[in-house]
Amino acid sequence: MPSLMVKVYSVLFKYNLKRRLQTLIESSTSDPFNGVVSRADETTATCNPSFSNDGVATKDLHIDPLTNLSLRIFLPQSALRNSVSSEGVYGGYVPIYKNGNSCKKLPVILQFHGGAWVSGGIDTVSNDVFCRKLAKSCDVIVVSVGYRLAPESRYPAAFEDGVMAIKWLAKQANLAECGRSSLDKWIGNGEKGSGRRIVDGFGASMVDPWLAAHLDSSRCVLLGVSCGANIANYVARYAVEAGKLLDPIKVVAQVLMYPFFIGDIPTHSELKLANSYLYDKATCILAWKLFLPETNFNLDHLAANPLVPGKDTLLNLKHMPPTLTVVAQHDWMRDRAIAYSEELRRVNIDAPLLDYKDSVHDFATLNVLQKTPKAQACLEDISIWVKKYISLRGNEFSY
């Protein structure tokens with residue numbers, strides 16, 4: 001059974017979540033807001049370009065003024081050689097070395113936070129701490145996506161933001177590649193050649209210098225937490241359909257952490273664990289009502305149920321990337337996640353399942369639980385599996 005701390009915290013968490021959902025339901029009857037990506041009652045962490053604290057620098061970017069889509073980039077210090085200033089702040093310019101090797105290239109994890117569609121964000125403490133640990137453990141750049149939230153932005157807004165994020169990442173990789181061959185060198189500190197910045201003919205920045213210096217676009221992993229897993233899976237499907245249109249970005253794997261799947265016909269776990277810890281089924285249905293279209297509300301919507309009864313899902317799954325699924329013993333959503341993982345294996349996709357005993361939904365990503373042994377073990381297990389697909393044989397240890 002979960003610990004006493006989890007049980008007590010769960011009572012408070014469910015009370016606050018239900019109150020928040022009821023407030024949003026009441027406010028959704030008035031004129032909706034546009035582009036809200038965080039909530040006032042959530043503790044946030046500011047971005048910090050310094051490596052001095054935990055060896056991970058962060059920066060925030062706004063990539064679409066129309067939707068206010070934002071990203072937070074997490075860069076581990078392992079990507080750097082001699083490019084950190086004396087103050088420990090990384091400016092992001094590409095250093096020039098005599099041997100021609102400027103910076104270490106790292107894979108990228110495109111991460112989608114959880115929050116039952118109505119809360120969470122790239123700057124919440126839980127998400128910031130988790131992404132920092134993920135960047136260091138996997139030795140990758142983590143790009144966390146601040147997709148639009150409900151009820152201000154209902155389906156398909158969050159899914160569209162996920163697609164826009166991976167398209168933006170592909171564009172960044174293309175611009176960086178063009179910059180290496182044709183764009184001017186940046187003159188810094190009065191000395192030509194001391195650094196390089198990718199600019200257009202008017203001197204305006206075209207590509208983020210952190211990504212230009214360190215992104216290996218051939219090794220991209222999608223990772224989603226709770227409802228973020230639904231978005232990650234949608235983006236993976238899009239990447240399969242887009243094919244070479246996303247070049248040079250290559251999605252090599254995805255990780256679905258206790259996905260927020262549901263459906264009209266209840267599963268065994270949905271009946272047995274309906275009142276489970278943190279997220280109970282009744283409260284989550286309220287969240288789905290805030291997210292899905294108001295007309296013809298249906299829990300067998302493709303956003304909610306990846307294995308819609310009566311539809312040929314096997315044909316759609318056979319080209320999916322390798323998929324690691326994480327489930328918790330006391331999570332009412334577990335059965336659908338397990339069934340989806342089984343369907344992937346049925347069409348010969350590498351789709352292992354990690355099932356953690358005595359654990360609850362969000363056990364590895366909620367801030368108050370991230371220091372528990374189960375959360376740490378989960379992060380290590382994810383890192384080991386991800387490295388199987390991002391390691392370069394001959395250059396890095398391949399699991």
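**Entry 1: the pocket.** I began with the lining of the largest pocket, and I noted that its largest share, 9 residues, comes from H1. The model I am reading is a predicted one, and I keep that in mind throughout. The elements that give two or more residues to this lining are helix H1, residues 4-27, and helix H2, residues 125-138. I counted 34 lining residues, and those nearest the centre of the pocket are Phe 13, Arg 20, Glu 42, Ser 126 and Leu 366. Sorted by class, the lining holds 16 polar, 12 nonpolar and 6 charged residues, and the space inside the largest pocket comes to about 850 Å³.

**Entry 2: the whole protein.** I then stepped back to the overall picture, where I found 10 helices and 10 strands. The protein has 399 residues, and 55% of them count as buried. When I looked at contacts between residues at least 6 apart in sequence, 76% of these joined residues at least 24 apart.

**Entry 3: Ile 166.** I looked up Ile 166 in helix H3, which runs over residues 157-182. Is Ile 166 buried or exposed? Ile 166 is buried, because its relative accessible area is 0%, where the cut-off for buried is under 20%. Leaving aside neighbours within four places in sequence, I found Ile 166 in contact with Leu 110, Leu 222, Val 235, Tyr 238, Leu 246, Ile 249 and Val 251. One of these partners, Ile 249, is 83 residues away along the chain, yet the two C-alpha atoms are separated by 8.1 Å.

**Entry 4: Thr 267.** I next turned to the loop between strand E8 (251-257) and helix H6 (268-272), where Thr 267 is found. Thr 267 counts as buried because its relative accessibility is 16%, and the limit for that class is 20%. The side chain of Thr 267 makes a polar contact of 3.3 Å with the side chain of Ser 269. Not counting residues up to four places away in sequence, Thr 267 touches Asp 335 and Arg 336.

**Entry 5: Asn 316.** In helix H8, residues 314-317, I looked up Asn 316, and with a relative accessible area of 43% this residue is partly exposed. The C-alpha atom of Asn 316 is separated by 9.7 Å from that of Glu 241, and the two residues are 75 apart along the chain.

**Entry 6: backbone exceptions.** Most residues other than glycine have a negative phi, and most peptide bonds are trans, so I made a note of the exceptions I came across. Which form does the peptide bond from Ala 150 to Pro 151 take? I read that bond as cis, with omega near 5°, and Pro 151 sits in the loop between strand E4 (141-146) and H3. Asp 247 and Pro 248 are also joined by a cis peptide bond, with omega about 5°, and Pro 248 belongs to the loop between helix H5 (227-242) and E8.

For phi, I recorded a positive value of about 55° at Ala 116, which is not a glycine and which lies in the loop between strand E3 (106-112) and H2. Ala 116 counts as buried, at 2% relative accessibility. Asn 296 likewise has a positive phi, near 55°, and lies in the loop between helix H7 (281-291) and H8, but Asn 296 counts as exposed, at 75% relative accessibility.

Key
Residues numbered from 1 in each chain as written. Predicted model: local features only at pLDDT ≥ 70, side-chain atom pairs only at ≥ 80, totals over all residues. Heavy atoms only, no water. 1 Å grid on protein atoms, 1.4 Å probe; cavity = no way out; pocket = protein on both sides within 12 Å on 5 of 7 lines; lining within 4 Å. Points joined across faces, edges and corners; volume = space filled by probe spheres on them. Helix = DSSP H or I, 4+ residues; strand = E, 2+ residues; numbered from the N terminus. Nonpolar A, V, L, I, M, F, W, Y, C, P; charged D, E, K, R; others polar. Buried < 20%, exposed > 50% of the residue type's maximum accessible area, 1.4 Å probe, protein only. Contact = heavy atoms within 4.5 Å. Polar contact = N/O pair within 3.5 Å; in protein donor to acceptor, adjacent residues only side chain to side chain.
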